[in-house]
Amino acid sequence: MFRRTISAKVSLEGRALHTGEHSKVTFLPSPTPSGIRFIRFENGEKRILPANLANAAESVRGTNLKKNGTSIRTIEHIMSAAFGLSLDDLDIEISASEPPAMDGSAKEFVCALLKAGIREKRQQKKNPFSISKQFEFVSRESTYKVFPSEKFSVRLRYLNKHPLIGVEEAIYSEGDNYLKEIAGARTFCLMDEIEFLRARGLGKGGSLKNVIVVDSDKFLAEGGLRFTNELARHKLLDFLGDLKLLNLNFRNFSVEAERTGHEQNIKFARILFEKLETQEDKWKRDYRKVNL
Ligand SMILES: [Zn+2]
């Protein structure tokens, strides 16, 4: 398996979900095996933020990157698109502190990246990682169970006491059509969370064009729900985006996750790295130094 990047540059722009700023992202091919990197120009200076666990910062809603005083928030939908397309190396120039929300899903990012074209780098190999022993990670109310299996897969359950939700489940398995099954699932919030978000200065760019709002007795979503389990599919989209902070080629294990959230996903990703098996111990040590 060879590392993958894109063939040409492509841009997208729009309003950011939380800051409400106008934002433009430009995806650029990356000839070197340098991973997924966000690039910002601040006061004429180029700041590079590798999207890895070392730079991942906690947030109320979403996953942020922070390095040397520069931060970029809500990176998870772009990261999920990179996961879905199995892209290893990608530079992302960004004009603001948050990417554009687009329609609240990863669909438009995936379509733009596909339009740019995917290129395999025949001289650079991916690092395959697998797991041979099962384990469980529990943090607050989140549970993650990992089992050895033939191919990589995730079964995610989203639980909410809201009468319209209850239990929703979504599944992703290596080889599934990410664009068709996962990428289009939009972000959501409950009607009574809106005040909480606004009070924290969040959701300034949110509208029914990019968020599903769960009202007391109905879903408010532009064009109606895209899937009956769209909320669970979106939680799965977010989970894959957070796992992409490891930027590794997962093989031979499956994850069963329940009540996931970004903070717990990031903790889980760290544990997962320690459990992953590779033939090269030195590689693992070096990787840990740079990325964790
Ligand atoms: Zn999300």
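Below we go through the domains, a helix, a loop glycine and the core.

Q: Before we start, what kind of model is it?
A: It's a predicted model.

Q: OK, what domains does the assignment give?
A: Domain 1 covers 2-125 and domain 2 covers 128-291, going by the domain assignment of the protein. Their C-alpha centres lie 18 Å apart.

Q: And how many residues of each are in contact with the other domain?
A: 36 residues of domain 1 are in contact with 34 residues of domain 2.

Q: Which elements of domain 1 give two or more residues to that side?
A: Those are α1 (76-84) and α2 (107-116). The largest share is from α1, with 8 residues.

Q: How do the residues on that side divide by type?
A: On the side of domain 1 that touches domain 2, there are 16 nonpolar, 13 polar and 7 charged residues.

Q: Switching topic: how far does α6 reach?
A: Helix α6 runs over residues 262-275, so to speak 14 residues, and reaches 20 Å from its first C-alpha to its last, close to the 20 Å expected at 1.5 Å a residue.

Q: Which of its residues are buried?
A: In α6, the buried ones are H262, Q264, N265, F268, A269 and L272.

Q: Why are those on the same side of the helix?
A: Because they cover an arc of only 145° around the axis of α6. In general, an α-helix has 3.6 residues a turn, so residues three or four places apart point the same way.

Q: What covers them?
A: The cover for the buried residues of α6 includes α1, β12 (135-139), β13 (142-148) and α5 (230-243).

Q: Now G184, where is that found?
A: In the loop between α3 (178-183) and β16 (188-190).

Q: Buried or exposed?
A: G184 is buried, because 21 other C-beta atoms lie within 10 Å, and the cut-off for buried is 20 or more.

Q: What does G184 touch, beyond residues up to four places away in sequence?
A: S105, K107 and R226. Also, G184 and F227 are 43 residues apart in sequence but 9.1 Å apart in space, C-alpha to C-alpha.

Q: Last topic, the largest nonpolar core: which residues touch the most other members?
A: Of its 63 residues, those are F38, M79, A81, A82, L156 and L236. The largest share of this core, 7 residues, comes from α5. Each of domain 1 and domain 2 supplies at least three residues to the core.

Q: And what is L156 in contact with?
A: Leaving aside neighbours within four places in sequence, L156 contacts E169, A170, A232, K235, L236, F239, A257 and T260.

Key: Residues are numbered from 1 along each chain as its sequence is written. This is a predicted model: local features need pLDDT of at least 70, side-chain atom pairs count only at pLDDT 80 or more; totals for chains, interfaces and linings use all residues. Domain bounds come from an automatic or database domain assignment. Two residues are in contact if their C-beta atoms, placed from the backbone, lie within 7 Å. Helices (H or I, at least four residues) and strands (E, at least two) are DSSP runs, numbered from the N terminus. Ala, Val, Leu, Ile, Met, Phe, Trp, Tyr, Cys and Pro count as nonpolar, Asp, Glu, Lys and Arg as charged, and the others, Gly among them, as polar. The expected span of a helix is 1.5 Å times one less than its number of residues. A residue is buried if 20 or more other C-beta atoms lie within 10 Å of its own, exposed if 12 or fewer, and partly exposed in between; C-beta atoms are placed from the backbone. The arc is that of the directions from the helix axis to the C-beta atoms. A nonpolar core is a set of buried Ala, Val, Leu, Ile, Met, Phe, Trp, Tyr and Cys residues joined through C-beta atoms within 7 Å.
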